[in-house]
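Hello,

Here is the structure I am handing over to you. My notes on it follow below.

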Amino acid sequence: MNQTPSTAARTIQLLLNRRCTIATCESLTGGGIGVALTSVAGASAVFRGGLITYASDLKSSLAGVDAGFIAEHGVINERTAKEMAIGAAWNCRADIGLSCTGVAGPDGEDGENPGTVWLGLALSAKWDDRVRSRLLRLTGSRAEVREQTIENALSWLNECLREPAHS
């Protein structure tokens, strides 16, 4: 019986093919992206580690997100997601940083509705040091929003890893 490889398994294979390492900085998923990646045999060759910055102040103290910006704008926004991704890559000495910040529910936060999620991706010089973001508007229960965030983050990363690298 053939099984389709999971999104996480495809991510690990793409990272191995690219000879890239990854680190994560997670908020609403509470480490779920790291769990998905490390559930794949061989992940230790590419997964450096992760920061779980569930509390807003940890986004600043651990990931390096600007504390003044957080105080003024909250944590569910594009800039925070990008800075979290950069902080993950920097602190874990990885080629790639992947982050997520948002609100799973049941209540809103920072003026955002449940299901509002920002992903951040910091790519190494192989991609011209690009920092990207993606806004998700998800629906469902708290658990469903968290699971959809993990799947969307890994799928997006896989799209980016398929792009041509630069020498």
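**Salt bridges and backbone**

Arg-134 is partly exposed, with a relative accessibility of 31% (buried means under 20% relative accessible area, exposed over 50%, partly exposed in between, with a 1.4 Å probe and protein chains only). The model is predicted: local features need pLDDT of at least 70, side-chain atom pairs count only at pLDDT 80 or more, and totals for chains, interfaces and linings use all residues. Residues are numbered from 1 along each chain as its sequence is written, and side-chain values use heavy atoms, leaving out hydrogens and water.

Arg-134 forms a salt bridge with Glu-159, with 3.6 Å between the closest N and O atoms (a salt bridge is a side-chain nitrogen of Lys or Arg within 4 Å of a carboxyl oxygen of Asp or Glu). Glu-159 lies in helix α6 and Arg-134 in strand β5, so this pair ties together parts 25 residues apart in sequence (helices, H or I of at least four residues, and strands, E of at least two, are DSSP runs numbered from the N terminus).

Arg-132 and Glu-163 also meet in a salt bridge, at 2.7 Å from N to O. Arg-132 counts as buried at 16% relative accessibility, and Glu-163 as partly exposed at 24%. The whole structure has six salt bridges.

In the backbone, the peptide bond from Gly-105 to Pro-106 is cis, with omega near 10°. Pro-106 is in the loop between β3 (96-102) and β4 (116-123). Arg-19 has a positive phi, near 55°, and is exposed, with a relative accessible area of 72%.

Regards
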